[in-house]
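Please read the following with the sequence and the model side by side. The text goes from one chain to the other and then to the place where they touch.

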Amino acid sequence: MTALLAVSGLRASYGPIEVLHGIDLCVAEGGITALLGANGAGKTTTLRAIMGAVRTMGEIRFAGEQIARLRTDQVARRGIALVPDGRGTFRELTVEENLRLGAYTRPPAELSAAVDRVFGYFPNLRERYRQQAGTLSGGEQQMLAIARALLMQPRLLVLDEPSFGLAPLIVREIFDIMRRVHEAEGVSILLVEQNATLALDLADQGYLLETGRMVMGGPAADLRADAAIRRSYLGY
Amino acid sequence: MIGLWHQVLSGLATGGIYASLALALVMIYQATHHVNFAQGEMATFSTYLAYTLLLAGAPYWAAFAVTVLFSFVLGVAIERVLLRPVAQAPALTLVGVFIGLLLILNALCGWIWDFTIKPFPSPFGSASMLGGLISSHELGSFAVILLVLLLVYVFFRFTKLGLAMRAVAYNPDSSRLVGIDVGAMLALGWGLAASIGAVAGLLIAPVVFLDPNMMTGTLLYAFAGALLGGLDSPVGAVLGGFLVGVIENVGGAYLVGTELKLTLALAVIAAVLVIKPSGLLGRAVASRV
């Protein structure tokens, strides 16, 4: 199994404050990797660092290429689609326009077929096609955000807490869709979650981040079985 | 009654010029969240360039096209050279840059072309039309403005690039995530705003005559228009510009006299800020303090 994304010795800081103290992380080609950790552990910062949105030191390789010095839009064009926390919806624009923006880097001729394909996963977005995105429910906005990311045809789909603020039923639906997307599209996934049970069920690899340091990493089954993770993150 | 119609029509004609300049202001405002005080001087500088081309014997519409293109390049250059380095700076820094740009362009115009007032030709002449209701220049410039506004609307509403520019104005972070080069879009916005401003300058110059300060009054009306429509609403800015044109003309004729017309712009600004600060079509901004 080859690494699609390989992060090593990554440090990131906001001003003088360092929040990531040299972490290593690997996402296998075709795999699902979960990144767990408590609030403030540095999960979101790790994702921002990968996307080139914070100052970093260290190495970030994507498909063999060093991407640590690229701008965010250049990283996105290499094939990494981030669904940010808070979903990053263009609230003032329509659902259609949000999806067209997702396909911004693709030839216009592919648009309608690609949108139809994405509607296969998210049928309720089709009904909301002309609606202003800000008027959607939280769950629908999360689905729109994932749909928008999928339209980029990414090699790596990165999700920052897709379950945040959503009802358990909606969360289950979204995780089911992600499983189907992973199987059908062959896209690799890096998933940041506070809900460790859900994340480790979906993922094949897992990492645990604590205050800017990677304290554990390995097959998801090992993490699920670990006594410390059980106590602190799985709650049994 | 015929007098009132005359005032309304010529109000709409000058209002169109305010509308396009207000639109330029709003475009920059959406990208930088500040009002570009140098918008008027940028237009003046462009108009002087057209003046030079016309003196050199260029046909009017060729000079028009070259000026609009040059203004686009000028706008892009201003964004890249002056605005990019201060993108993260506090508000006062940006205001300083805008005022500095205003002074530089104003002085440059005076230095290159001197401060004397010069006549500027209209491609439409000044014949009286529709039984004296409107002049041919007013009618012609109204048509040009409508065409410009239509083009701008089509560009933003129906093209991929236009959609990307709107996306950047609303949410730059998410725009980067879908692969949009935000810096390039901002530069493009400045270029477009400068071009639209240049059209306004070229059309107002035959009315107010060409001198380095010719846009001072016009910019004030445009600012009143933008504020009246809502600073974050392009459609509102256009509507506001037309309204201010009519208010200026009708109010100037029946209320305060031509000497005090500019006061009406200030009255509109004050009234909007007191009664409805978000403008007619703008969104009210709520923030937690």
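From the N terminus on, chain B runs α-α-α-α-β-β-α-α-α-α-α-α-α, which amounts to eleven helices and two strands. Helices (H or I, at least four residues) and strands (E, at least two) are DSSP runs, numbered from the N terminus. This is a predicted model, in which local features need pLDDT of at least 70, side-chain atom pairs count only at pLDDT 80 or more, and totals for chains, interfaces and linings use all residues. Residues are numbered from 1 along each chain as its sequence is written, while chains are lettered from A and ligands numbered from 1 in the order in which they are written.

The C-alpha trace of chain B spans about 60 × 50 × 35 Å along its principal axes. A compact globule of 289 residues would have a radius of gyration near 19 Å, and chain B agrees, with 19 Å. The radius of gyration is taken over C-alpha atoms, and the globule rule is 2.2 Å times the number of residues to the power 0.38. Of the 289 residues in chain B, 50% are buried. A residue is buried if 20 or more other C-beta atoms lie within 10 Å of its own, exposed if 12 or fewer, and partly exposed in between, with C-beta atoms placed from the backbone. Among the contacts in chain B with a separation of 6 or more, 73% are between residues 24 or more positions apart; two residues are in contact if their C-beta atoms, placed from the backbone, lie within 7 Å.

Chain A has ten helices and ten strands. Its C-alpha trace spans about 45 × 40 × 35 Å along the principal axes, and 43% of its 236 residues count as buried.

One part of chain A is an open sheet of four strands in the order E2-E1-E4-E5, with antiparallel pairing. Strands E2 (17-28) and E5 (65-66) of chain A stand at the edges with a single partner strand each, so one side of each has no neighbour in the sheet. Two strands pair if DSSP finds at least two bridges between them. E1(A) and E2(A) are joined by nine bridges, and Ala12(A) has Leu20(A) in E2(A) as its bridge partner. The hairpin of these strands has two residues between them, and there Gly15(A) takes a positive phi near 60°.

Seven of the eight residues of H1(A) are buried, so the helix is largely enclosed by the rest of the structure. Among them are Lys43(A), Leu47(A) and Ile50(A). After H1(A) comes Gly52(A), with a positive phi near 75°.

The loop between strand E3 (32-37) and H1 of chain A holds Gly40(A), which is exposed, with 12 other C-beta atoms within 10 Å.

Where the chains meet, 19 residues from chain A and 16 residues from chain B take part. On the side of chain A, helix H2 (72-78) and helix H3 (95-102) are the elements that give two or more residues.
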